[in-house]
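Here is a friendly briefing to read alongside the model. Keep the structure open and follow the residues as they come up.

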Amino acid sequence: MNHLILNSIRVFVLLATFLTGAALSSRATHLVGGEVFYEHLGNDEYLITLKVYRDCGATNTNQTGFDQFASVGIFIGNVLFENLELDLFDATVNFVPVVLENPCFVLPPDVCVEEAVYQGEVTLPFGPNYDIIYERCCRNPSITNLIAPEDTGATFIATVPGDGLVDEEDNNNSAYFLNFPPGALCANAAFFFDHAAFDSDGDSLVYEFCTPYTGADPDNPAPNPPNGPPYNPVIWGMGFNANSPISANPAFEIDPLTGYITGTPSQVGQYVIGVCVHEFRNGIEINSINRDFQFNVTICDPNIVASIPTQNQFCDGLTLDFNNTSTNAESFYWDFGDLSTSADTSTSPSPTYTYPDTGVYVVTLIANPGWSCADTTSTTYQAYPLIAPAILQNNFTCDGNDIFYDFNAVGEFDNDAEDYDKIETRVM
C-alpha cells in the first residue's frame with residue numbers, strides 16, 4: 001500500500017513538472033544562443049553535438065529551463081530523413097563563466113548563462129547532402145536589436161557534404177567554435193574576443209557576421225521534429241543589420257581569417273549577434289555552421305584602485321617587503337624610487353626590494369599598467385639599517401644604596417630620524 005501511494009505521488013510530481021514545463025515553454029524567454037556540429041566516427045556513423053545556451057538570470061522572465069528532449073532533424077533538401085531525440089538526462093549542463101577579456105571593469109553579479117550539451121549518433125549513408133537542424137523558440141522580450149524578439153526563435157544548421165563536394169573516403173568533420181563569448185559587456189569599454197573555430201580536417205575557415213535564423217514560434221516552441229527548410233532570417237530593428245548588430249563606436253568587426261572580434265559597445269541593452277564560419281576544401285565551400293548569441297551591454301564601474309599600505313615598521317634594515325592592497329587589478333608595475341639605478345622596478349604583485357643606502361624613497365605603484373583604466377598611487381618609505389644598540393659600561397659610582405649608570409648609544413642616524421645621543425637610566 002505504501003509503495004502504491006509513493007508511486008502515485010511520483011506520477012503526480014512528474015505530471016505536474018511536465019505540465020508546468022509545458023506552460024512555461026509556451027512563452028519561453030530563455031534562449032541566449034546555440035550551435036550544432038558533427039564528428040565523423042568512421043564508415044557512415046556520425047556524432048551529432050547540440051549546444052544550447054539559456055539565460056538563467058532575471059531576464060529569463062518565465063524562468064524556462066532546458067528541454068528534457070531536444071529534437072534534431074536530419075534533412076535531405078526539405079524532406080526529413082531522420083529525427084534524433086536527444087535526452088537531457090544524458091547531456092552535460094554547466095554554468096558558463098561570465099569573464100571579460102578587458103580587466104578594467106567588473107560585471108554586475110546578476111549575469112547568468114547556462115550551457116547544455118546534447119549528443120547522439122546517427123547513420124548517414126554517403127551520397128546526398130544532409131542538413132542537421134535544431135529549432136527552438138523564444139528569445140528575451142528585452143532584446144534591443146530585433147523586432148518582436150519574444151516571438152522569435154532560432155535555427156542552427158550544419159551540413160554533411162555528399163557526392164560532388166567531397167570524396168567518399170574523405171568524409172567531413174565539421175568545424176566547431178572553441179569558446180563562447182561572455183554574456184555581458186561593459187558600455188564604453190573596449191571589447192575583444194577570440195571567436196575562432198577548429199577543424200580537424202584542416203579545411204580553410206572563413207568567418208563573418210551573419211543574420212541569425214528564426215525558428216519555431218510561441219505556439220510550438222520546440223517542434224518535434226523540426227520544421228526544416230526554408231529558414232527565415234530574423235527581422236532586424238531599425239538601424240541594425242548583420243554587419244552592424246550592436247550600437248558601438250568603434251563598430252564591431254570580425255577578422256575573416258581568425259574570427260577575432262573587436263569593438264566598443266556604446267549603448268546599454270541586449271543584442272543578438274550572428275557568426276558564421278564557412279569551411280572550404282580545394283577552394284569549394286563544403287559546410288557552414290552558424291551560431292548566434294546574446295550580448296547584455298551594461299554599466300560597469302571602472303573599479304580599479306591602486307593602493308600601497310602605509311609603512312608601519314621602521315629601522316628593520318634596507319630590504320623592504322611591499323604589500324599590495326589594490327582592488328580588481330590583474331597586473332602591476334612598481335617603481336621603488338631608487339635614483340641610483342633604473343633596475344628598481346618590479347611586476348610582482350607584492351615584491352621585495354633592497355635599497356643601497358639609508359634614505360626616504362618615493363614608491364610608485366601602477367595597477368593595470370598600459371590600460372585606459374590604469375590607476376597610480378605613490379607613497380614614501382624610509383629605509384634605515386637595523387638598530388642593534390651597543391651598551392658600553394664606562395664606569396659607575398656608589399652613592400649610598402643608589403647605583404648610577406651612564407649609557408651611551410653609538411651609531412649614525414639620518415637627520416629625519418629621531419636622534420638620541422645619550423640615554424641615562426637610573427636603577428634604584
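I261 is buried, with a relative accessible area of 2%; buried means under 20% relative accessible area, exposed over 50%, and partly exposed in between, using a 1.4 Å probe and protein chains only. This is a predicted model, in which local features need pLDDT of at least 70 and side-chain atom pairs count only at pLDDT 80 or more, while totals for chains, interfaces and linings use all residues. Residues are numbered from 1 along each chain as its sequence is written, and side-chain values use heavy atoms, with hydrogens and water left out.

**Around I261**

- I261 sits in strand β15; helices (H or I, at least four residues) and strands (E, at least two) are DSSP runs, numbered from the N terminus.
- Leaving aside neighbours within four places in sequence, I261 is in contact with F191, F192, F193, H195, F209, F252, E253, I254 and V275, where contact means heavy atoms within 4.5 Å.
- The C-alpha atoms of I261 and F193 are separated by 5.2 Å, although these residues are 68 apart along the chain.

**The sheet that holds β15**

- Three strands make an open sheet in the order β11-β15-β14, with antiparallel pairing; two strands pair if DSSP finds at least two bridges between them.
- The edges of this sheet are β11 and β14, each of which pairs on one side only.
- Strand β11 (residues 191-194) runs antiparallel to β15 (residues 260-263), and 4 bridges join them; F191 has G263 as its bridge partner in β15.
- On the other pairing, β14 and β15 are antiparallel over 2 bridges, and E253 has T262 as its bridge partner in β15.
- Which residues of β11 are on its covered face, and which on its uncovered one? F191 and F193 make up the covered face, whereas F192 and D194 are on the uncovered face.

**Disulfides**

- How many disulfides does a search of the whole structure find? There are 3, a disulfide being a pair of cysteine sulfur atoms within 2.5 Å.
- C56 and C112 are joined with an S to S distance of 1.9 Å, and the torsion about their S-S bond is about -95 degrees, so this disulfide is left-handed.
- That pair links distant parts of the chain, 56 residues apart: C56 is in the loop between β2 (45-55) and β3 (69-76), and C112 is in the loop between β5 (92-95) and β6 (113-123).
- C56 is buried, at a relative accessible area of 15%.
- C137 and C138 form a disulfide with their sulfur atoms 1.7 Å apart; a torsion of about 85 degrees about the S-S bond makes this disulfide right-handed.
- C137 has a relative accessible area of 0% and is buried, and C138 is buried with a relative accessible area of 0%.
- C210 is joined to C276 at 2.2 Å, S to S, and the torsion of about 90 degrees about the S-S bond makes this disulfide right-handed.
- C210 lies in the loop between β13 (204-209) and β14 (253-254) and C276 in strand β16 (residues 269-281), so the pair ties together parts that are 66 residues apart in sequence.
- Both C210 and C276 are buried.

**Salt bridges**

- Side chains of opposite charge can pair when their charged atoms come close.
- The count comes to 6 salt bridges, each defined as a side-chain nitrogen of Lys or Arg within 4 Å of a carboxyl oxygen of Asp or Glu.
- One of them joins the side chains of R54 and E114 (2.8 Å, N to O). R54 is in strand β2 and E114 in strand β6, so this pair ties together parts that are 60 residues apart in sequence.
- Are R54 and E114 buried or exposed? Both are buried.
- R136 forms another with D67, with the closest N and O atoms 2.6 Å apart. This pair links distant parts of the chain, 69 residues apart, with R136 in strand β7 (residues 130-136) and D67 in the loop between β2 and β3.
- R136 is buried at a relative accessible area of 1%, and D67 counts as buried at 16% relative accessibility.

**The chain as a whole**

- The protein chain has 1 helix and 26 strands, and 43% of its 428 residues count as buried.
- Among contacts between residues at least 6 apart in sequence, 68% join residues at least 24 apart.
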